[in-house]
Amino acid sequence: METERFEHLPEDWQRALCVVAHPDDMEFGAAAAVARWTGQGKDVSYCMVTSGEAGIDGLEPDECRRVREAEQVESARLVGVHVVEFLREPDGILEYGLPLRAAIARAVRRARPEIVITGNFRDTWGGRNLNQADHIAVGRAVVDAVRDAGNRWVFADQLIDGLEPWGGVKAVWAFGSPLSTHAVDTTSTFEAGVASLEAHRAYIRGLGWESFDAGEYLEGMLRPQGRRLGVPFAASFEVFPMGWGE
Ligand SMILES: [Zn+2]
């Protein structure tokens, strides 16, 4: 399984929405892919379900929220993303359920994307390291919310002031999944991905990773994935088709 070749992700789309639990989630693996797509003229926007305000032990949540939202906006800008929405759900204690689905469905209805990107929501990263509860809740809710967004009778209270149902999402792609089957060549945008991760300065400092090198870290992650696509660096994704009969 580990050595199976990846297929290339399709690039015949124009608009994507990335929905992840925390500021920094995109940057640990997927930001270089976003830089590639925005470089092609595609429109990519971010939706952060939380502001990562419980992520730094030595910083009170209210101050932390402010710092991390600013870092995320800058991090996004470095890969060509100029719209970053923060849903401000509570960091660390997200629950899968109707309120989370509704919040994400509203974001999908507003952005009207063809592709929705989220992070790995499987139980592990492929080894013995367990995934984090917020990531699992968000990923599951994203898949459901994409369906909800297209149904006029689900979360119908949202359909005011011109907001319409949106059933145009062709697929949900989850980066970093141990069940990835597809990937995108990120060789030429690798450095943009590194810069985007480095923008999370306060967060990385807060983790206490004294000798953390964003370039080395991402190289260690993206090179093995590149090997499976036949290129130096790649970002891999699990693909969930959202149409019927696929
Ligand atoms: Zn996270």
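A: Buried means under 20% relative accessible area, exposed over 50%, and partly exposed in between (1.4 Å probe, protein chains only). This is a predicted model, with residues numbered from 1 along each chain as its sequence is written. Local features need pLDDT of at least 70 and side-chain atom pairs pLDDT 80 or more, totals for chains, interfaces and linings use all residues, and side-chain values use heavy atoms, with hydrogens and water left out.

Q: Which residues of H7 are buried?

A: An α-helix has 3.6 residues a turn, so residues three or four places apart point the same way. In H7 (214-227), the buried residues are Ala-214, Gly-215, Leu-218, Leu-222, Gln-225 and Gly-226. Helices (H or I, at least four residues) and strands (E, at least two) are DSSP runs numbered from the N terminus.

Q: Which residues lie closest to the centre of the largest pocket?

A: Rolling a probe the size of a water molecule over the atoms shows where empty space is left. On a 1 Å grid over the protein atoms alone, a pocket is an open set of points with protein on both sides within 12 Å along at least five of seven lines, a cavity is a set where a 1.4 Å probe fits but cannot get out, and lining residues have an atom within 4 Å of a point. Points are joined across faces, edges and corners, and a volume is the space filled by probe spheres set on them. The largest pocket here has a volume of about 880 Å³. Its lining has 38 residues, of which Phe-28, Trp-125, Gly-176, Tyr-217 and Met-221 are closest to the centre.

Q: Which element gives the most to that pocket's lining?

A: H7 does, with five residues. Among the other elements with at least two are strands S2 (15-20) and S5 (115-119) and helix H4 (133-150).

Q: What lines the largest cavity?

A: The cavity, with a volume of about 40 Å³, is lined by Gly-29, Phe-175, Gly-176, Met-221, Leu-222, Gln-225, Ala-235 and Ser-236. H7 and strand S8 (234-241) each give two or more of these residues, and the largest share, three, comes from H7.

Q: Which protein atoms are donors of the zinc ion?

A: Donors are N, O and S atoms within 2.8 Å of the metal (3.2 Å for Na, K and Ca); water is not among the atoms, so sites may look incomplete. Here they are His-22 (ND1), Asp-25 (OD) and His-135 (NE2), at 2.0 to 2.1 Å from the zinc ion. Their spacing along the chain is H-x2-D-x109-H. Asp-25 sits in the loop between S2 and helix H1 (31-39) and His-135 in helix H4, so this pair ties together parts 110 residues apart in sequence. Both Asp-25 and His-135 are buried.
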